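Have your viewer ready and the selection tool at hand. We will walk through this model one stop at a time.

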Amino acid sequence: MSRRFAAVDLGASSGRVMLADLSEGLSLTEAHRFPNGPVRVAGRLYWDILGLYREILTGLRAAGPVSSIGVDSWAVDYALLDASGAMLGNPVHYRDDRTAGVAERVAASVGAESLYDVSGLQVLPFNTVYQLLAEPRLGEAATMLLIPDLIGYWLTGEAGAEVTNASTTGLLDVRTRAWALPLVKQLGLPEGILPPLRQPGDLLGGLRRDVAGEIGWSAPVRAVGSHDTASAVVAVPAAAPVSGPAFAYVSCGTWSLAGVELPGPVLTPESRAANFTNEAGIDGTVRYLRNVMGLWLLQECLRAWPGSGLGELLKAAAGERPFAAVVNPDEPVFLPPGDMPARIAAECRRTGQRPPASPAAYVRCVLESLALGHREAVRQAMELSGREVEVVHLVGGGSRNELLCQFTADACGLPVVAGPAEATTLGNVLVQARAAGLVSDLEEMRALVAASQPLRRYEPSGARAGWDEAASRVF
Ligand code: LFR
């Protein structure tokens, strides 16, 4: 059997098919990378799911034969299928505004406490449960498939719901990790649309014959931590297992997911009030974290400044005056696509600060604000879980952003170990490699990442007062 595995990883701004080779250590090559983003059609925001699927096939063709294939993507979004397996409409983007007010209505009817007690999930307006309640065609649906499960279905013909991603729906019982059927019923949702759950490492099946014909080879598809954040946390290169000295992580891409790994959920009223989530990690772990708005703020600024180069802007931002203006990155106003600099300027004015005066000053503002968001989340994760953290692992594309890594170390007052940038892909292939018998537990997977991937350590600079004062302006 070959020691090559293919990882399909769909991020909110780009997708990729990566090829991993575990013959000697763990090496990654990019078979194909392609852009992703929202498409607005007649006032509604969608994903271009068929375009993504086409790019996945192109990537698999380029990757060549492998032992198995795993698929992960962003969470919460889904397609509805009819009884014949055909898609009922195009998947809607989680940044669409169709769920406005739904979370509040559900909290009023079911009670926010009992929802949290069952699912352990943070309230985000786009959680699957709220999207389903805003869904016009639910009555016609036979099945709901989350995005990686949809891709898996198209590749193999097998339908199911991988559990790490299912935990972001709001419909999974955080204690039993089974569908929370009493809650589903109480909400008036059709329980029949929820497919059987599968675990990371489970076999979906071989490629459909027509798919194999199209890409020129065949291989089994395996479930991985199909929520991209679950896969990213697998590949946190921490030296210690779950029970050892604690680390925090920030999985930093379009979103920053900041928190700690725990052996069980935290469901206290304080945890709910802080909007901390208990998402399912692999091997029964809990990803106890909060969503911080992430590099989305920067991506949307760049979209507003066509022609500007990120490298240049980051260099210039390093020379800007510290703490000239900061925002709370998690203000809901930043969630939808649109003119980000204008929204940042409005937030600065609202909090009595002068808005940034140049793109470089905006970039400085965004990075300092994100570092403050990381610090708030890491601090609260420690407090609410009762774990002392000694190091922050910053993984994902954001780990390439030196200024953000240093700011995060400074703001948290903790060392930051940055990398791997391709954590999600690594976590995806490691779960496949384990199913093939090549690695054993989380500890061994992480040791392999630490030994094979470039990492960089950032020490905190010690000057905390500036960060404290900046935080007091917006939190
Ligand atoms: C990160 C992520 C987050 C989820 C958000 C929306 O890519 O999966 O974990 O909250 O996207 O799905």
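Start by selecting residues 65–234, where an unreviewed UniProt entry places the feature "domain: Carbohydrate kinase FGGY N-terminal". UniProt positions follow the numbering used here, feature names are shortened, and annotations may be inferred rather than shown by experiment. Residues are numbered from 1 along each chain as its sequence is written. This is a predicted model: local features need pLDDT of at least 70, side-chain atom pairs count only at pLDDT 80 or more, and totals for chains, interfaces and linings use all residues.

The span 65–234 is 34% helix and 15% strand, with its end C-alpha atoms 25 Å apart. Helices (H or I, at least four residues) and strands (E, at least two) are DSSP runs, numbered from the N terminus.

Next, pick out the open sheet: six strands in the order 3-2-1-6-12-11, with mixed pairing. Two strands pair if DSSP finds at least two bridges between them. Strand 3 (27–35) and strand 11 (203–206) are the edges; each has a single partner strand, so one side of each lacks a neighbour in the sheet. On average, neighbouring strands here are turned by 20° against each other, direction ignored.

Now zoom in on strand 1 (residues 4–10) and strand 6 (residues 68–73), which pair in the parallel sense over six bridges. Look for Leu10, opposite Ser73 in strand 6. Contact means C-beta atoms, placed from the backbone, within 7 Å. Axes are lines fitted to C-alpha atoms, for helices over the stretch in contact, and angles run from 0 to 180 degrees between N-to-C directions.

Leaving aside residues up to four places away in sequence, His32 touches Arg16, Val17, Glu55, Thr58, Gly59 and Ala62.

Finish at the ligand, surrounded by 13 residues, the closest being Trp74, Ala75, Val76, Thr229 and Trp255. A residue counts here if its C-beta atom, placed from the backbone, lies within 6 Å of the molecule.

Definitions and conventions. Contact = placed C-beta atoms within 7 Å.
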